[in-house]
Amino acid sequence: MSAATKPASTEAALTMSGAEVVLRALKDNGVEVIFGYPGGAVLPIYDAIFQQNAIRHILVRHEQAAVHAAEGYARSTGKVGCVLVTSGPGATNAVTGLVDALLDSIPIVCLTGQVPTHLIGNDAFQEADTTGITRPATKHNYLVKKSEDLARVMHEAFYVAKSGRPGPVVVDLPKDILINKAPYSEAPKTEHRSYRPQTEPDAEQIRKAIALLKGAKKPIVYAGGGVINAGPEASRLLTDFVHMTGFPCTNTLMGLGAFSSDDKQFVGMLGMHGTYEANLAMHDCDVMLNIGARFDDRVTGRLNAFSPGSKKIHADIDPSSINKNVPVEVPIVGDAGRVLAALIEAWKADGQAQDKAALTAWWRQIDGWRGIDCLRYRQEGKIIKPQHAVKRLYEITRELGRETFISTEVGQHQMWAAQYFGFQKPNRWMTSGGLGTMGYGLPAAMGVQIAHPDALCIDIAGEASILMNIQEMGTLAQYRLPVKVFILNNEYMGMVRQWQELLHGGRYSESYSSALPDFVKLAESFHAKGIRVTDPADLDAGIREMIAYPGPVIADIAVAKDENCFPMIPSGAAHNEMILGPEQEGGVAGVTDEGKVLV
Amino acid sequence: MSEFANAPRAATIAVLVENEPGILARVVGLFSGRGYNIDSLTVAPVDETGRISRITIVTSGTEMVIEQIKAQLDRLVPVHKVSDLTLEGPHLTRELALIKVVGKGELRMEALRLADAFRARVVDATVESFVFEMTGNADKIDAFCALMRPIGLVEVSRTGAVAIARGPRGIN
Ligand SMILES: Cc1cc2nc3c(=O)[nH]c(=O)nc-3n(C[C@H](O)[C@H](O)[C@H](O)COP(=O)(O)OP(=O)(O)OC[C@H]3O[C@@H](n4cnc5c(N)ncnc54)[C@H](O)[C@@H]3O)c2cc1C
Ligand SMILES: Cc1ncc(C[n+]2csc(CCOP(=O)(O)OP(=O)(O)O)c2C)c(N)n1
Ligand SMILES: [Mg+2]
C-alpha cells in the first residue's frame, strides 16, 4: 500500500489502547453516561474513564441495577443505554437486566470484561462463557478476539441495539484486547452486511389496511410499545390518525403514554388488568388496527376466543411478531411512525366515505361499557386503599405541573399505577412488562433521574419488590438523585396473594412479607428521608412532603392488605369473561383447569 | 385463518449466514429455545472467500410455526437470506451416507446385490465387512438401511440433507 492511499487515521489511532478505543467509540456513538461496576477484567477501561471527562460513569451497587438504570435512561430519552461490568460474576449479574431489555425491546449496549484471549476456555479466575450465557438473553452479542475488530464491533453494537426492533447487545472484551494497542476507525457509512430491517411499509399493504379501516363499523386501534420505540413523532401521528378517524384507541401496558389518557377517544389499557370497555371493544370489534404491539398473552387472554369476529391489521417492525400468536389479514412490516404517516396520507387520499352512523352506534355501545366504571373503588374508613394512594399521587403531581416520570416494580402496585396514573406523553412510564422483573423500578428511576435531573422521578413500589434492588439507595445518595420511592405496603406479595386467593383456595403459601425492615430507618441509614403514612387523612400531606423534599425519599404507605386488583381476565379466559371488582355489577368469575396451568 | 392450515408439514430451509464463531450455536439455540423440531441440519462455507456459509435445515410444523421459524432465523443479525425451498418450488435434496455391513458367505453376496440395486458404492472392504457409500434422499437411505439390518448392518453415518432449487434461479 502506498503512503498516499494509506488511511491517515489508522496510524494515528495505533497510539490508542483498546480501552481508549472503546471510550472513543462510546463518545462517537453519542454516549454521555455509562452505568457500571468495576472489576479486574475491566480495569483498563476504568483507567481510561479516569483520564477523560466526556463520559460520566455512574457507579451502581449491583450489576443488575446497572442494566435497569440504563433501561430507564434509554426509555425516557430514546437513546441507547450503556452498561459496563466485569467478567464472570459481573456479567452473570447483568443477565436478568439483559433479558428484561430483550423482552421489552429496549436498546442497550452492555460491555463485559473477559479474561485475556489466551486464557479463554481454561476456567480462569472469574471466567464465564459470557457470549454463551447471553446468547439467548440479547438481540446479538460479540466476543472481540482481535484488536483490529474492536472499533468495528463497537459501532456495530450500537447500530444493532437501536435499529429495527431495539434490544440489548453484549460486547465481551478480553483484557488483553483492552490493554493492547488497537486501531480506531469511525462508524462505517455503508450498510450492514446482513442486518437491514425494513422500516418503510409496503404501499399495497397500506392500501389494503385503509380499505378495511374505511369500511369498519366497529373499529379499534390497539397501540403498543412499538409506538414508543418509534419516537415521540410516532405518538403524535398516532394521535392525528385516531382523531381523523374518530376510532377508539387502547394502549398496552408498554404503550401507555403513546396516546394521551386525557383524550376522550382513549378507552384505557387493555388486557388482563385492562378496562372493561377496552377489552369488550377488542372482543366485539370488526376491524382491529394493531400498531407496535405483539398480541402478548396478557393481552389476548384465551387465544381461540380472542376478538373472534374481527379482521386484523398488524403493523410491526419485526416480521416475527406478525402471525406469531394471532393470524392477521393484513400484515404490515415497518416502523410505527412511517406506517402511521403512510396511513394518514392514504386515509386522506381515499375517496371512500366512512360509515359514520355505525361509528356513532359503536361509541354508544362503548360508552355503555364505560358506564360500568370498572375502576371505581370506595375509599372509606381508616385504611388507605392502594388505588386511592396512586390516584392522589397522580392528582397532586398534575396539580404541581412538574415534568413527571413514573417507574414501577412488579405486582399489584404496578397494575394500579397503570390503571390510576394517567400519561399524556410517551417516554414518561417505565415498567418491566415482558419479564416482569421485581427490582426493576428503583434502578430504572435512577437512570431516568440521571437523564432528567430536574424532573420528578417516582418509583411506585411494593414492599417485597423494593427489597430486590434496595442497595441502589446508596447510588441515589452518592449522586444526590432525588428519586422518590412510593411504596404501597400491603405486607404481602399482593399479586401472588391474589392468585392464591382466586386459584388456590386462599392458601397463602409463602406470600406474606414477614420481617419487613423499618423503611423510615432504612431510608435514613442511606442518607435519604423516610416517611410513613398509615391514615388516609395524612396521605396528601405525606405525598406533598415527599415531592417537596429536595433529596431521595422513601414514602412507606400502609395500604389495605387484602385488596385485589380488578378488573381481571383470569388466565385462560376470554375478554368477555372478566372478573369485576366488588363495586361493580356483573362480570363472570371462575378459572378453568386449563387456565390454572397458565401463568 | 384458512391459509394457516393446522396440519404440520415438512420444510427444507436454506439459510445463508456470515461465517462467524457462534453462528451455529445461535441457530441451534433458536430451535431448542423455542421448541422447534430439527430433523436434520448441515452447514459448510459456500463462497470463494469462505465468509458465507449455507445451513440447510429440515424441520416440520404447522404453517404458522414454519413462518415463525423463518422469521426468527431472518432476524438473527448474521443471517443474510432465508429461503423455504419446500414452498418456493421444485428442488433437489441429497444426503450422503456411509453404511457399514458385516457378514460372511451368502449374506455378503446379498449385501452386494442390494447395494447394486440402490447404486451404493463399495468404498471399503475386508473379508468380513463392507462400507457402502450412497447419496440420495432420506427415504432412499432409510430403505437401504432397513434392508441391510437383517444382513448385518453395524454402523451408519449420515450427513443430513443438502438441498437446492431446480432451474436457473440462484438463492440470492
Ligand atoms: C404483573 C403483570 C401484569 C400485566 N398485565 C398486563 C395487562 O393487563 N395488559 C397489558 O397490555 N400488558 C400487561 N402486562 C405486560 C405484558 O406482559 C407485555 O409486556 C405487554 O403487553 C407487551 O406490550 P406490547 O404488546 O405493546 O409489546 P412490546 O413488548 O412493547 O413490544 C413492542 C412491539 O412493537 C414492535 N416494535 C418495536 N419497535 C417498533 C417500531 N419502531 N415500529 C413498529 N413496531 C415496533 C416490536 O417488534 C414488538 O412486536 C403485564 C405485565 C406484568 C408483569
Ligand atoms: C424477580 C421476581 N421474582 C418473582 C416474581 C413473581 N412475583 C410477581 S409479583 C410478586 C409479588 C410482588 O410483591 P410486592 O412487591 O409487595 O407487590 P404487590 O403485588 O404487593 O403490590 C411476585 C413474587 C417476579 N415477578 N419477579
Ligand atoms: Mg406488597
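Ala, Val, Leu, Ile, Met, Phe, Trp, Tyr, Cys and Pro count here as nonpolar, Asp, Glu, Lys and Arg as charged, and the others, Gly among them, as polar. The legends below describe a predicted model.

**View 1. Lining of the largest cavity.** The structure holds one cavity of 30 Å³ or more. By residue class, the lining comprises six nonpolar, one polar and four charged residues.

**View 2. Site of the magnesium ion (ligand 3).** The protein donors are A:E463 (OE), A:E463 (OE), A:N490 (OD1) and A:Y492 (O), at 2.1 to 2.7 Å from the ion. Along the chain, the donors of the magnesium ion (ligand 3) have the spacing E-x26-N-x1-Y. A:E463 sits in the loop between strand 15 (456-462) and helix 19 (473-478) of chain A, and A:Y492 in the loop between strand 16 (484-489) and helix 20 (494-503) of chain A, so the pair ties together parts 29 residues apart in sequence. Both A:E463 and A:Y492 are buried.

**View 3. Cysteines without a disulfide.** The count of disulfides over all chains is zero. For A:C249, the closest cysteine sulfur is that of A:C285, 13 Å away and therefore too far for a bond. A:C249 is buried at 0% relative accessibility, and A:C457 is buried with a relative accessible area of 1%.

Terms used
Residues numbered from 1 in each chain as written. Chains lettered and ligands numbered in written order. Predicted model: local features only at pLDDT ≥ 70, side-chain atom pairs only at ≥ 80, totals over all residues. Heavy atoms only, no water. Disulfide = S-S within 2.5 Å. Buried < 20%, exposed > 50% of the residue type's maximum accessible area, 1.4 Å probe, protein only. Donors = N, O, S within 2.8 Å, 3.2 Å for Na, K, Ca; no water. Helix = DSSP H or I, 4+ residues; strand = E, 2+ residues; numbered from the N terminus. 1 Å grid on protein atoms, 1.4 Å probe; cavity = no way out; pocket = protein on both sides within 12 Å on 5 of 7 lines; lining within 4 Å. Points joined across faces, edges and corners; volume = space filled by probe spheres on them.
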